[in-house]
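Colleague: I am new to this one. Could we go through some side-chain contacts?

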Amino acid sequence: MLAMGAACWFTDAARRIRHILEMIRFSHTLFALPFALLSAAMAWRANLREDPPVLLSWREFLGILICMVCARSAAMAFNRLVDRELDAANPRTAGRHLPRGILSVKTVAWFTVVTSAGFIAGTLLFLPRNPWPLMGALPVLGFLFAYSYTKRFTLLSHFWLGSALMLAPVAAWIALRPEFDWAPVLLGTAVLFWVAGFDIIYACQDVEFDRRMRLRSIPARLGVPTALRVAAACHAMMFLALLLLPQLYSEFGLIYYGGIAAIGLLLVIEHRLVEPGDLSRVNQAFFHANAIVSVTLFAVGSLDLVM
């Protein structure tokens, strides 16, 4: 009986963990993590040029991974908690875990607390050499959590989300090189416009719902055709920021530029997939194209630095 009880407990725990990972779309950590890792690789290369060279330790690498995964997980779970009533009222999102009762509010709240604590704990791995990650942990969490309320009062919520993900490369650089530099800021700016652009595209699906519920978004305010043009302009700004990055960080060369050309093509394809009268391929543009963009940038940038 004891063995059966233990087996049932483990089965239930595994199922609950699977539902939580589905709720926060854990696989989408792929969107922001490559930018943080590329920034870390840039900082690592810069550290090697110090006299004496500063080597990246396993503690620092582990700290970046823990902080990235925990921060995003906490922010996603908090967003699901804040938006659970809106999700229940929206036909597109009514099937999510909280509206359907697959997960309880208590479970998601505890997950938010645990992952927030995990983020703070991850910053301890940079001590004693660098106290800045720990000092910035609570402000960063506050900024991430605040995003969940922005669409209630500003149509610039898309850019708040972009700014939240912009923190990833900037924070990764500061964690390894506790000093200000414009290179990670420019990389973060590329992330800001990239995220804002695809979030605007994604929000086109909820135009009527947002208007009915008096939620702010660029598609609800300006209409889908204009919103798609704004998204295209954001992605043009992203491409320009990536193109200018080697001017601030001279380690990049031909491999990097080749990767940027490929990313430009991917962005064009992403916008060709979505038209004002046909939003059926938004998920394809949102998930597949963007995952390829982030992984491509990390791959070519890191390869260029190593070569």
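Colleague: How far apart are the closest N and O atoms in the salt bridge of R49 with E251?

Modeller: This is a predicted model, and the value is computed from its atoms. A salt bridge needs a side-chain nitrogen of Lys or Arg within 4 Å of a carboxyl oxygen of Asp or Glu. R49 and E251 form such a bridge, and their closest N and O atoms are separated by 2.5 Å.

Colleague: How many residues apart in sequence are the parts that this pair ties together?

Modeller: R49 sits in the loop between α2 and α3, while E251 is in the loop between α12 and α13. The pair therefore ties together parts whose separation in sequence is 202 residues.

Colleague: Is R49 buried or exposed?

Modeller: Exposed means over 50% relative accessible area. R49 has 58%, so R49 is exposed.

Colleague: Are the ring planes of F252 and Y256 stacked or edge-to-face?

Modeller: The ring centres of F252 and Y256 lie 4.3 Å apart, with 20° between the planes. Planes under 30 degrees apart count as stacked, over 60 as edge-to-face. The pair is therefore stacked.

Colleague: What is the relative accessible area of Y256?

Modeller: Buried means under 20%. Y256 is buried, and its relative accessible area is 0%.

Methods:
Residues are numbered from 1 along each chain as its sequence is written. This is a predicted model: local features need pLDDT of at least 70, side-chain atom pairs count only at pLDDT 80 or more; totals for chains, interfaces and linings use all residues. Side-chain values use heavy atoms; hydrogens and water are left out. Rings of Phe, Tyr and Trp (its six-membered ring) pair if their centres lie within 6.5 Å; planes under 30 degrees apart count as stacked, over 60 as edge-to-face and the rest as tilted. Buried means under 20% relative accessible area, exposed over 50%, partly exposed in between (1.4 Å probe, protein chains only). Helices (H or I, at least four residues) and strands (E, at least two) are DSSP runs, numbered from the N terminus.
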